[in-house]
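Colleague: I'd like to learn how to read helix packing and sheets in a model like this one. Can we go through it together?

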Amino acid sequence: MQAPSSNRSAARSETTIDVSPTYTEDQVVYQQQQASSGALTTTTGTFTAFLAPLTQDSFKEVVTGVEKKLEVVNQTLSMLLDSQGFETILQEMLNAITLKTAELLAADRTTIFLLDEDKNQLFSIVAEGEDGKTIELRIPADKGIAGEAATLKTVVNIPYDFYDDPRSVFAQKKDRETGYRTYTMLVLPLLGENGNLVAVVQLLNKLKNPFDPSAPLEQKIDQKGFTEVDQKLFEEFAPSIRLILESSKSFYVATQQQRAANALMKATESLSKSSLDLEDTLKRVMNEAKELMNADRSTLWLIDHEANDLWTKIPQSDDSMMELRVPMGVGFAGKVAETGEILNIPFDLYEHPDSDNAQRTDPQTGYRTCSLLCMPVYNADNKLIGVTQLLNKKKKGEFPPYNPEDWPKAPECWKASFDQSDIAFMEAFNIQAGVALQNAKLFAMVKQQEQLQRDILRSLTNGVISTDKGGKIIAANESAKELLGFSKEDSIEGLLVPELIKIKEGNFSNWFREALDAKDDKARNQYYPDQTLRTKNKKEEHSVHLSINSIADANDSSNVYGALVVMDDISDEKRLKSTMYRYMTQELAEELLKLGDAKMGGDRKEVSILFSDIRSYTSLTEKLQAEEVVSMLNEYFESMVEAIFKHKGTLDKYIGDAIMAVFGSPLPLPDHAWKAVQTAVEMRHRLAEFNACRLSNKKEEIRIGIGINSDCVISGNIGSSKRMEFTAIGDGVNLGSRLESASKQYGSDIIISEYTFEPCKNLIWHRELDCIRVKGKNKPVKIYEVVDLIEPNRSLPEEKEKIIELYHKGREYYLKRMFRKAWNEFATIVEEIDPDDKAAKLQMERSQHFLQESPPDDWDGAWTMTEK
């Protein structure tokens, strides 16, 4: 709603004022001083009678006349809402009230501030520009002298001399700039029946009665200022003024809403005609916004949430569109995108603290930014998707175009600002713009998805066929054509898919019909692994995994549009797996197939390494024919590898007659040490069965030694790009090999390191054999013989337990340098229990050696191996 101000003593002429949407109260005083009394001149003469010399009776007549006019307005509101003239009529009524209030109270200047409850602001109209449009001023409702009266709901009467009041600092500064002089001030709150604030009336400079209109202002001032009589006189007519203002405000709000609705309809009509093309929608939104807001330029920035920036496309001279991007939070548009708040910078934008970038780029682009309005754009889900940016509100009238050579001087054509009405119109417009943009973006996304699906379909190695409900092919990729025996150039669209797909031992036609009928989930999603597909000429066959899926409405699975047939050609994979399973476990084969192309290098993994070797293999094979050696090894390896696979081990390689196995790679195995020990014991049992069979065939027995170590090793593809193997390397592997060799010296078939022993010590019967330092290493390691697995309700033979007890006691004496006692314990084993215990004999020899030649003082009890 527009509230006027008056200036009684100044000469009447029309002046244009460029103002901010929000001002301090003192700035309003400044604007009043800039404006002339021409702001009060009515264009139609409707209230010419009100401008007659004023008496109290004539003021009553004014009020009565205005009230009657409001009744007429109220009766014809529906017709006037569609007319800009309604705003003019209201303005004329308010002009009359303002003028008569000034004359009644003998004030040189008068302003009526209305309260905007939503924004907690006081707003008024101080002048009418050359374009015939009133200009709105706004100040905070709790700031300045007017804000004081509004907040406290009390009269503020500042007597002569106003400059002596500390609240006059800003007004004094503006007075010096404008040549005006404020001597007295009266600010009156206008309250409603319920005590709520309706408006604030501000009067400047009480005039003498009578006064000489041609005399200087200081000679016309009544130094007594405004009196209590003035206040009581105002209070007498306050109810009528309040009624007029409240009614006028309600009508104004209605007209503003109607104008916004008209703008919304126009925007809706225009945007509804736009295509779903995003680029076309961008152009249309920018053009419509520029025309609607009478702006020189408009830009629609869209938010890219993934890139955290804003982008737009601007037209070039060749009709092409160039993309621009700015980070979120940067520049005026970036700040609006970040905060979601409206940004309205009035003329002159160069006075804004954040205008440095505009002042720097304008000369480069031959432009002059004078005003700006940035507003957020939301989609139907209330998600911020963009920002509309309008530059330079055009001033109505005929003005020469901007000349870049005049920079930084602002051209007359752009000396205007966007106001609250503009914001209301843009809010209505942006709602429809958001819908149009969302539709365009969704359409662009659909087109991208369609293209992506075509690209995916083309690139798939699987054969993919989509059909309609009648079974006719809609689309098929090249892989599908190749599997069915067609060339890439052949077109099979429109053919019946049941006539093309033939399964050797299955009825595809029935399966396909079930998918189209879609009676249940099983029929809608069918999968047939490892099927044999015959080509159209039946000359070729392919092993395929076949899936048939119904294509149905997402909301109604019974509403089937067609079917999707996928044929995964596993012919090569099947042959490869068949070969790989001969060399490794199924788990390893599957893992390697998942890796795709083999790459050089490996990963650190916690594993257990098992080495086994046939004792005296060379002398054994010298007695056999080559064919017998191969037969023996194949039979032996078959049994041993089964034991390895049974306990989830991986056959790493054959090394002549030796076997290397890894537990815990490539697939992690938490109990890899225990699995390796179980494997070793099972290999011992299998060897006994193997030898029993050989003895029955009058063939020589074989003996093996096993060494196991647990450690962190490098496991992966080792070799060259031409040839590589999946294996494990590292010190942990080497120690496992050394332990297998050491088993010969100690006469034990299974030796494990302390690293393997630790997690298994409560699961096995064991004997701590020694502490050794292998060749090439300084750190000694304890080694253990695996006697057997601990099982429920089973114990070791008494002789075995006695051997372990004596051996451990002998080791205690040995490590304490009590070599004679140690020798006695080991000798008891050999002489009384097992004369073939090679480990005990070895310890006897070492004890005897140290009896004859004492070890050095720094001796740690470890024996250094001199052979690998």
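Colleague: In which hand does H24 pass H26?

Modeller: This is a predicted model, so keep that in mind. Here H24 passes H26 in a left-handed crossing. On the H24 side, Tyr 807, Arg 811 and Tyr 814 make the contact, and they meet Ala 839, Ala 840, Gln 843, Arg 846, Ser 847 and Phe 850 of H26. Sorted by class, that contact has five nonpolar, two polar and two charged residues.

Colleague: How do I describe a packed pair in general?

Modeller: You give the angle between the two axes and the distance between them. For helix H24 (residues 798-815) and H26, the axes come within 11 Å and cross at roughly 20 degrees. Angles under 35 degrees count as roughly parallel, so H24 and H26 are roughly parallel to each other.

Colleague: And at what angle do H25 and H26 pack?

Modeller: About 155 degrees, with the axes 9 Å apart. Anything over 145 counts as roughly antiparallel, so that's what H25 and H26 are. H25 also passes H26 in a left-handed crossing. Among the H25 residues in the contact are Phe 819, Trp 823 and Phe 826, while H26 brings in residues including Met 844, Phe 850 and Leu 851. The contact divides into 11 nonpolar, three polar and two charged residues.

Colleague: Now the sheet: in what order do the six strands come?

Modeller: S15-S14-S19-S18-S17-S16, an open sheet with antiparallel pairing. S15 and S16 are at the edges with a single partner strand each, so one side of each has no neighbour in the sheet.

Colleague: How many bridges join S14 to S15?

Modeller: Three. For instance, Thr 467 has Ile 473 in S15 as its bridge partner.

Conventions
Residues numbered from 1 in each chain as written. Predicted model: local features only at pLDDT ≥ 70, side-chain atom pairs only at ≥ 80, totals over all residues. Heavy atoms only, no water. Axes fitted to C-alpha atoms, helices over the stretch in contact; angles between N-to-C directions. Helix = DSSP H or I, 4+ residues; strand = E, 2+ residues; numbered from the N terminus. Parallel < 35°, antiparallel > 145°, perpendicular 65-115°, else oblique. Left-handed = near helix turned anticlockwise from the far one by under 90°. Contact = heavy atoms within 4.5 Å. Nonpolar A, V, L, I, M, F, W, Y, C, P; charged D, E, K, R; others polar. Pairing = 2+ DSSP bridges.
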